[in-house]
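Q: Could you walk me through this one? I'd like to start at the end of a helix and then move on to other spots.

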Amino acid sequence: MTFFDRSEWGARTPLWETSMGKPLDRVYIHHTVSSNPKTDADQIAHMRSWQNQHMAQGWPDIGYNFVIAKGPGDEGKKANRFAGRGWGVKPTAQGNYNSTGYAISAMGNFETMKANDKLIDAIVKQIRNGIEKGWLLPNVKVLGHRDVYATACPGRNLYARLPEIQKRARKGW
């Protein structure tokens, strides 16, 4: 699993940033409702596209703190993690709940795609990183975007795995 920082995927400079207090007790899981990019280059292109789309909507940057790509196919050989807004910066993907937790999005449409183990491992790893760095409380709540907004996000197949993600993130794996 590879972690891409903002410079590695060619992120634009945010228009502004709002700091978040720490630690927080929530992570909201989203999905991008897109295809599953199969190569690192395609995933990077998707990151740039989402950032441009979000900024065109008047958002200051990409809306998510982190984005996880599951890799090609149902099982995938690896999952990549991308820095969006990063830890300590308020997301813009949860409406009235932006100040209550961080936003992690999975690349793909998980209403129809399988949420494979590599993807779940990468999401857990990113949440554990937040706990270890003091940005998240150890008893973190892992919620779906649908838990706070009228949407199907993060898709039924990923939403079904949120209890597992929460349990593993709290235990340390």
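Q: Which residue follows α5, and what is its phi like?
A: Glycine 172 comes after α5, and its phi is positive, near 100°. Helices here are DSSP runs (H or I, at least four residues), strands are runs of E of at least two, and both are numbered from the N terminus. This is a predicted model, in which local features need pLDDT of at least 70 and side-chain atom pairs count only at pLDDT 80 or more, while totals for chains, interfaces and linings use all residues. Residues are numbered from 1 along each chain as its sequence is written, and side-chain values use heavy atoms, with hydrogens and water left out.

Q: And which residues of α5 are buried?
A: Leu162, Ile165, Arg168 and Ala169 are buried in α5, which spans residues 162–171; buried means under 20% relative accessible area, exposed over 50%, and partly exposed in between, with a 1.4 Å probe and protein chains only. Seen down the axis of α5, these buried residues fall within an arc of 130°, so they line one face of the helix, the arc being that of the directions from the helix axis to the C-beta atoms.

Q: What's on the face turned away from that buried side?
A: That face of α5 carries the exposed residues Pro163, Lys167 and Lys171.

Q: Switching topic, where is proline 154, and what kind of peptide bond joins it to cysteine 153?
A: Proline 154 is in the loop between β6 and α4, and the bond joining cysteine 153 to proline 154 is cis, with omega about 15°.

Q: Is valine 33 buried or exposed?
A: Valine 33 counts as exposed because its relative accessibility is 53%.
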